[in-house]
Amino acid sequence: MRWQEFVDGYDWKARLIPTGILLLPLFCTVYFFFPGLLASPLQLAGSSLVLFALIYLASMFFRDRGVRYGRQFWDKRGGLPSTRFCRIRDSHLSSDQKNRIQLAILQKFGIRLLSLEEECESPLTADRKIIDAFREVKEFLRGCDGCGLVDKHGAEYGFVRNLSGSKMIFVVEAITGFIVCGFKGKWPHWNLNGGCLANVVLLLFWIPFA
């Protein structure tokens, strides 16, 4: 099995990199307590393997949180942009554009989107048809050559969504690491040291982005 079949470009951008960012305070704290993990090539190789396995496993958890966050985020704003813009009653796109979209979807995928009157009578049904049509369009574009922009947009959206869904986990890790590192070698007394400062720096950088 090729490496690309196991982890592709989307996985790196939308799942593994956000997970690595979200686990930075944890890695910093562990390294502060066990700096010898990187002392020899054998330990470095073993640590790297365990690290990648941890990131891959954690990425599934963070993706699930990201999906939940994204669903709540868009529900509060009236639905996904792709759904809102295709509603006849929405004014973001012109009537001519929406007519062309409806005709193209009907001809290509056999899905008839509802008219303005039908949409007003059954808004949930109208949204369901738009969502189904948009899903068909995405799958069609993924099978076409030169759809890099679609993949790039999907990876960028997944990156931000997964980070946003777990942003408080980063904060909890940094605060916990700040407290725990202070007890290294001084238990039961706490003192400010390099591990504490590293977690503070990470937290200060994270707050404006979060």
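**Cavity, pocket and helix packing**

C86, K98, I101, Q102 and L113 line the largest cavity of this predicted model. The volume of this cavity is about 30 Å³, and the structure holds 1 cavity of 30 Å³ or more. Helix α6, which spans residues 95–109, gives the most to the lining of the largest cavity, with 3 residues. By residue class, the lining of the largest cavity consists of 3 nonpolar, 1 polar and 1 charged.

The largest pocket was examined next. About 1,300 Å³ of space lies in it. A total of 32 residues line the largest pocket, and L80, S82, F134, K138 and Y157 are the closest to its centre. Two or more residues of the lining come from each of the elements α4 (41–75), α5 (81–86), α8 (123–142) and α9 (148–165). Among these elements, α8 gives the most to the lining of the largest pocket, with 9 residues. The lining of the largest pocket divides into 13 nonpolar, 9 polar and 10 charged residues.

Two pairs of packed helices are described here. In general, two packed helices are described by the angle between their axes and the distance between the axes. Helix α2 (residues 9–22) packs with helix α3 (residues 24–33) at an angle of about 50 degrees, and the axes are 4 Å apart. The two helices α2 and α3 are therefore oblique to each other, since an angle counts as roughly parallel when under 35 degrees and as roughly perpendicular from 65 to 115. In this contact, G20, I21 and L22 of α2 meet L24, P25 and F27 of α3. The residues of the contact of α2 with α3 comprise 5 nonpolar, 1 polar and no charged.

The second pair is formed by helix α10 (residues 167–181) and helix α11 (residues 194–209), which pack at an angle of about 160 degrees with their axes 8 Å apart. Angles over 145 degrees count as roughly antiparallel, and α10 and α11 are therefore roughly antiparallel to each other. The crossing of α10 past α11 is left-handed. On the side of α10, the residues in contact are K167, F170, V171, E173, A174, I175, G177, F178 and C181. These residues meet G195, C196, N199, V200, L202, L203 and W206 in α11. The contact of α10 with α11 divides into 11 nonpolar, 3 polar and 2 charged residues.

Definitions and conventions:
Residues numbered from 1 in each chain as written. Predicted model: local features only at pLDDT ≥ 70, side-chain atom pairs only at ≥ 80, totals over all residues. Heavy atoms only, no water. Axes fitted to C-alpha atoms, helices over the stretch in contact; angles between N-to-C directions. Left-handed = near helix turned anticlockwise from the far one by under 90°. Contact = heavy atoms within 4.5 Å. Nonpolar A, V, L, I, M, F, W, Y, C, P; charged D, E, K, R; others polar. 1 Å grid on protein atoms, 1.4 Å probe; cavity = no way out; pocket = protein on both sides within 12 Å on 5 of 7 lines; lining within 4 Å. Points joined across faces, edges and corners; volume = space filled by probe spheres on them.
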